[in-house]
Each structure stands twice: as structure tokens, then as C-alpha cells.
Amino acid sequence: MTQKTTDPLIQLSGVNRNFTDGPAALREVSVTVGRGEAVAILGPSGSGKSTLLNMIAGLDRPDSGTVTVDGVRVDGLDETGAARYRRERIGMVFQFFHLLDDLTVLDNVLLPAELTGLGRAEARRRAHTLLETLGVAHHVRAHPGRLSGGERQRVAVARALMNRPPLLLADEPTGALDSASGADVAGLLRDLHADGQTVVLVTHDVRLAEETCTRTVRIVDGRIAADEPTARGRAARQAVTR
Ligand SMILES: Nc1ncnc2c1ncn2[C@@H]1O[C@H](COP(=O)(O)OP(=O)(O)OP(=O)(O)O)[C@@H](O)[C@H]1O
Ligand SMILES: [Mg+2]
């Protein structure tokens with residue numbers, strides 16, 4: 001598969017974020033992620049990883065600097081604009097799934113398609129296809145509380161992909177899973193990336209980063225301390241330049 005890493009999907013330039021108490025959460029962070037890349041954000045607890053992800057998702061704004069994603073100046077959006085931006089361009093997966101337990105699996109996955117203008121029948125078709133691809137189709141009518149952690153995370157991934165977002169963001173998606181389910185989710189992210197999905201993954205787990213991503217960006221005290229390809233990323237680059 002060819003990867004268009006020259007076409008930037010995410011561009012952060014000189015991003016600073018200060019919370020009122022404590023040291024700066026992000027300091028002069030500049031980073032570019034190309035379309036089709038899979039980038040892991042690594043770093044110790046409190047180093048600014050989730051803050052960085054929130055900037056990209058339009059859930060938080062920088063005090064200074066710019067955030068551009070898929071041609072959108074995310075730092076300039078108001079709340080309505082940010083909600084729309086997330087609905088159309090971002091899929092998010094979290095450590096603790098954030099599924100709604102009052103809804104069935106199917107309705108959780110359908111939720112992002114509301115307000116998008118996608119017809120109900122088409123949305124249901126798409127949701128079923130996603131749940132099938134992710135191996136949880138037999139649970140469509142169950143409530144998430146009855147599923148295993150690994151299954152819940154698959155449902156969360158299906159929900160994240162419902163609106164076919166150009167960007168999938170994941171914050172410790174295997175953090176609450178046993179090692180077998182974690183490996184399943186890692187495999188799933190790898191497959192999505194192989195199909196062309198751009199992925200930004202926040203994790204403490206170096207092995208997960210190496211297994212699923214082509215590049216690692218390490219953050220320490222709110223600054224980018226290292227930015228390098230993984231072994232997979234180096235192999236992919238060699239395949240392209242050969
Ligand atoms: N809403 C907030 N209000 C005040 N301080 C915050 C807020 N969000 C984050 N911080 C602070 O910013 C710094 C970076 O936090 P962040 O959540 O980005 O770290 P992290 O790298 O994701 O850590 P972890 O690996 O533990 O999830 C921390 O010092 C944190 O206390
Ligand atoms: Mg975090």
C-alpha cells in the first residue's frame with residue numbers, strides 16, 4: 001500500500017498550553033502528521049499527551065500557536081464549530097470506552113450518525129458492517145455492560161469509525177484490557193492503518209507503539225523530546241524509496 005506521508009493531515013505550530021496551577025502542559029509544540037501515518041505519542045504520566053490529543057480533537061484550545069487538521073484551523077473554532085468538526089473528521093477511542101450503557105451496542109454505534117444527514121437505513125447498514133468487521137456483530141442488541149472489555153473497545157472503535165473520519169485518535173485504548181484483548185485491539189488498529197486510516201495513539205506502552213505505529217513522538221514536560229520512525233515505519237519508508 002502506498003502512503004501519502006507528504007500530505008499533512010495534522011499541523012501543530014508553536015502550541016503552548018498553561019493551566020492555572022502547575023507547570024505548562026505544552027510548550028512550543030510543533031509537529032506534523034501526514035495522511036496515512038500511524039503515530040504514537042509516548043511519555044511519562046503528566047507529560048502532556050492527553051492535552052496534546054485534546055488540542056487535535058478540538059476539545060481544548062492552545063493559549064498560543066495554531067492547530068490545523070484536514071485544512072481546518074481547529075484553534076479558531078467556537079463550541080458549535082468544534083462539535084461539528086469532531087463529528088465530521090474525528091473518531092475517538094478512550095481507555096474506559098465511554099459507551100452509553102442505556103443504549104444497545106447498535107444504538108451506540110449509530111449515535112455519531114445522528115445530525116449528519118445520513119439516512120437511517122444507510123446508517124444501520126454501515127453500523128452492521130462495522131460491527132461485523134470488528135467481530136462483535138452477534139452483540140448488536142446487547143447493552144455494552146454485558147460485553148467483555150475487549151468487546152466493548154471494539155464497539156467503541158466501530159462508533160469512532162461510523163462517520164468515516166479522516167483521523168482516528170486513541171488515548172490508552174488498551175490500558176484497561178487484559179493482554180489478550182489488548183493484543184486484539186492492537187491488531188485492529190494495525191489493520192485500520194494498513195487500510196489507509198490515519199491514527200494518533202497515546203500510550204505508555206512502548207510495545208504497543210512499536211506494534212501498531214510507524215512513528216513515535218516522545219513528550220517530556222510538555223515538550224517534544226524525540227520523534228523517530230519505528231522499525232515498521234523504517235521498513236515502510238525503505239519500501240517506498242526502493
Ligand atoms: N483541565 C486541567 N486543569 C488543570 N491542569 C490540567 C488539566 N488537564 C491537564 N492538566 C495538567 O497538565 C499536565 C499534563 O496533563 P496530561 O493529562 O496531558 O498528561 P498525560 O501525559 O496525558 O498523563 P497520563 O499519562 O497520566 O494520562 C499535568 O500536569 C496535568 O495535571
Ligand atoms: Mg493522559
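Me: What radius of gyration does the protein have, and what would a compact globule have with 242 residues?
Reply: In this predicted model the protein has a radius of gyration of 18 Å, which agrees with the value near 18 Å for a compact globule of 242 residues. The radius is taken over C-alpha atoms, and the globule rule is 2.2 Å times the number of residues to the power 0.38.

Me: ok, and how many of the residues count as buried, in percent?
Reply: Of the 242 residues, 48% count as buried, where buried means under 20% relative accessible area, exposed over 50% and partly exposed in between, with a 1.4 Å probe and protein chains only.

Me: New topic: how many helices and strands are there?
Reply: The protein has eight helices and ten strands, both being DSSP runs numbered from the N terminus, with helices (H or I) of at least four residues and strands (E) of at least two.

Me: What is the strand order in the open sheet of four strands?
Reply: The order is β2-β1-β4-β5, with antiparallel pairing, and two strands pair if DSSP finds at least two bridges between them. The edge strands, each pairing on one side only, are β2 and β5.

Me: How many bridges join β1 to β4?
Reply: Five bridges join β1 (residues 8-17) to β4 (residues 64-69); within this pair, L12 stands opposite V67 and I10 stands opposite V69.

Me: And what happens between β4 and β5?
Reply: Two bridges join β4 to β5 (residues 72-73), and these strands run antiparallel, with V72 in β5 as the bridge partner of V69. The hairpin of β4 and β5 has two residues between the strands, and D70 there takes a positive phi near 55°.

Me: Back inside: which residues line the largest cavity?
Reply: The lining is made of I10, L12, V31, V33, I41, L52, I56 and V200, and β1, β2 (26-34) and α1 (49-57) each supply at least two of its residues. A cavity is a set of points, on a 1 Å grid over the protein atoms alone, where a 1.4 Å probe fits but cannot get out, and lining residues have an atom within 4 Å of a point.

Me: How much space lies in the largest cavity?
Reply: About 40 Å³, the volume being the space filled by probe spheres set on the points, which are joined across faces, edges and corners.

Terms used:
Residues are numbered from 1 along each chain as its sequence is written. Chains are lettered from A and ligands numbered from 1 in the order in which they are written. This is a predicted model: local features need pLDDT of at least 70, side-chain atom pairs count only at pLDDT 80 or more; totals for chains, interfaces and linings use all residues. Side-chain values use heavy atoms; hydrogens and water are left out. On a 1 Å grid over the protein atoms alone, a cavity is a set of points where a 1.4 Å probe fits but cannot get out, and a pocket is an open set with protein on both sides within 12 Å along at least five of seven lines; lining residues have an atom within 4 Å of a point.
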